[in-house]
Amino acid sequence: MAADRYADGRRGDTSAAICVQHLRLSAFWLFGWVRLKGAQAGARELLRTPLKLAVLAVVWAVLLGGMYALSYWGIRFTHDAAGLGPFLLSRLWFLLLFVVLILLAGSQLASAYSTLVRAPETRYWMALPVSARTLCRAKWAESSVYTAWAAVLLTLPLCLAYLA
C-alpha cells in the first residue's frame with residue numbers, strides 16, 4: 001500500500017480516496033435509481049388498467065392535435081395580414097418564446113424550492129454520506145424534469161405549426 005500515490009503525487013493509502021470518489025459518483029445515480037423505480041411502479045400500475053391508459057392517450061392526442069390546428073390557423077391568419085404579416089409574426093414569435101422562458105423560470109424556482117427544501121424525503125437524503133452539492137444537483141435535475149415537460153408539450157404544437 002505504501003507504493004500507492006494520490007493524483008497530486010503524495011504517497012499513501014488511496015483506497016479511502018477512491019471510495020469517496022466512487023460514493024460521490026454513485027450517490028447521483030442513487031437518486032436516479034430511486035426515481036426510476038418509482039416511475040416503473042407507476043408505469044406498471046398504468047399498464048394494469050388499459051382503459052385508463054387508452055383514455056389518457058386519446059385525451060392527449062386530441063389536445064395536442066387541437067392545439068396544432070389552432071396554432072396553424074392562427075399563424076396563417078397572422079401571416080396573411082395585409083402588409084404586416086411576416087413582421088408581426090416574427091415579433092409575436094419572440095414574445096411567445098420570452099413568455100415561455102419566464103414561465104419555465106418561475107415554475108423551476110417554485111418547483112426547486114418544493115423539492116430541495118420542503119420535500120419530506122430531504123431529511124433522508126441529507127442523512128446519507130453525500131455532499132450537499134451532489135444532492136442539490138440531483139434534486140435540481142429532478143425539478144427540471146418536473147417543470148419542463150408541460151412547457152415542452154404545450155409549445156411543441158406551436159413550434160411545429162410555425163415550421164409548417
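Leucine 84 lies in the loop between α2 and α3; helices here are DSSP runs of H or I with at least four residues, strands are runs of E with at least two, and both are numbered from the N terminus. The model is predicted, so local features need pLDDT of at least 70 and side-chain atom pairs count only at pLDDT 80 or more, while totals for chains, interfaces and linings use all residues. Residues are numbered from 1 along each chain as its sequence is written, and side-chain values use heavy atoms, with hydrogens and water left out.

Leu84 contributes to a nonpolar surface patch of about 860 Å², together with Phe87, Leu88, Leu92, Leu95, Phe98, Val99, Leu101 and Ile102. Such a patch joins nonpolar side chains (Val, Leu, Ile, Met, Phe, Trp, Tyr) within 5 Å, or like charges within 9 Å, from residues with over 30% relative accessible area and no salt bridge. A salt bridge is a side-chain nitrogen of Lys or Arg within 4 Å of a carboxyl oxygen of Asp or Glu.

## The chain as a whole

The chain has 5 helices and 0 strands. Of its 164 residues, 18% are buried (under 20% relative accessible area; exposed is over 50%, partly exposed in between; 1.4 Å probe, protein chains only). The chain exposes about 12000 Å², of which carbon and sulfur atoms supply 74%; areas come from the Shrake-Rupley method with a 1.4 Å probe, and for residues only the protein chains shown count as cover.

Among contacts (heavy atoms within 4.5 Å) with a separation of 6 or more, 64% are between residues 24 or more positions apart.

Helix α2, residues 50–79, has 30 residues and reaches 43 Å from its first C-alpha to its last, close to the expected 44 Å; the expected span is 1.5 Å times one less than the number of residues. Its buried residues are Ser71, Ile75 and Thr78, and these pack against α3 (85–116) and α5 (132–163).

Arginine 76 also belongs to α2 and is partly exposed, with a relative accessible area of 26%. Beyond its neighbours within four places in sequence, Arg76 is in contact with Ala161 and Ala164. The C-alpha atoms of Arg76 and Ala164 are separated by 9.9 Å, although the two are 88 residues apart along the chain.

## Helix α5

Helix α5 has 32 residues and reaches 43 Å, close to the 46 Å expected. A bend of about 35° occurs at alanine 148, taken as the angle between axes fitted to the seven residues ending there and the seven starting there. Buried residues of α5 include Thr134, Leu135, Ala138, Pro157 and Ala161.
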